[in-house]
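Welcome, and please open the model in your viewer. We will go from one selection to the next.

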Amino acid sequence: FFFFFSSRRRHTRCSGVSWARRCVQETASKLAQSVMKKAGKQVQDEVVKIQEQKQQIEEQECIVTDGGQIQTQKIIHSVIPVWFGDLRQEQEIFRKCVKNILTKACELQCSSITLPAIACGTFGFPKQICAEITVGACLEFFQEHQNETVLETIYFFNSDMPTTQIFVDVLKKTLKQKGGVIMSEGGKTNGSEVENKNEVVV
């Protein structure tokens, strides 16, 4: 499997993209606003229709819409918890959110998915904790579903380099603990040019 980290969006067509918001009815983050604006009115209307049908979207739950004007087949919408210092076991809830997103991607037969650094913005998760949970949940997912998943590639991205670097460092540390290997950091790998030095291919 492959993880791609980048501080900017790669110009690659992915099978699915996931983003998070606190409530489907009202946009709760800049990421959500950006995705919905980029996706266009068709996706916005689709989200509203699903909300009307379901009435309430629970934490950890995922809903799926078309990609709209975004270069992706589907958008996976996930409801994640707001950080209250882990008083409500937000870390475990968020871990389940990430795994549910990956499970949904598999159900949709996605071979790849773009996963932003969700939770560490409006939702208030410390960036280090967000990165550790996200990376850990992804590795656990692949370990639990060896040879059982069509999902092969996860693209992580964020809009700022400091957050990207935190994710890169966490992945390196996690792989070292588990005996993994960093195949490439920067330069070229498998004939594909890596766009910047903070992108790691595993």
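Buried means under 20% relative accessible area, exposed over 50%, and partly exposed in between (1.4 Å probe, protein chains only). Helices (H or I, at least four residues) and strands (E, at least two) are DSSP runs, numbered from the N terminus. This is a predicted model, in which local features need pLDDT of at least 70, side-chain atom pairs count only at pLDDT 80 or more, and totals for chains, interfaces and linings use all residues. Residues are numbered from 1 along each chain as its sequence is written, and side-chain values use heavy atoms, with hydrogens and water left out.

Start with strand S4, residues 72-79: six of its eight residues are buried. Val64 sits opposite Ile76 in S4. In the hairpin, five residues lie between the strands, and Gly68 has a positive phi near 60 degrees.

Stay here for Lys74 and Asp66, whose side chains form a salt bridge (2.9 Å, N to O). That term asks for a side-chain nitrogen of Lys or Arg within 4 Å of a carboxyl oxygen of Asp or Glu. Lys74 is partly exposed, at 27% relative accessibility.

Next, select helix H2: Val43, Val47, Ile50 and Gln51 are its buried residues. They cover an arc of only 100 degrees around the axis, so they lie on the same side of H2 (the arc is taken over directions from the helix axis to the C-beta atoms). On the other side, Lys41, Lys49, Glu52 and Gln53 are exposed.

Finally, select Glu92, Arg95, Lys99, Glu140 and Glu144, which a network of salt bridges links.

Note on methods: Pairing = 2+ DSSP bridges.
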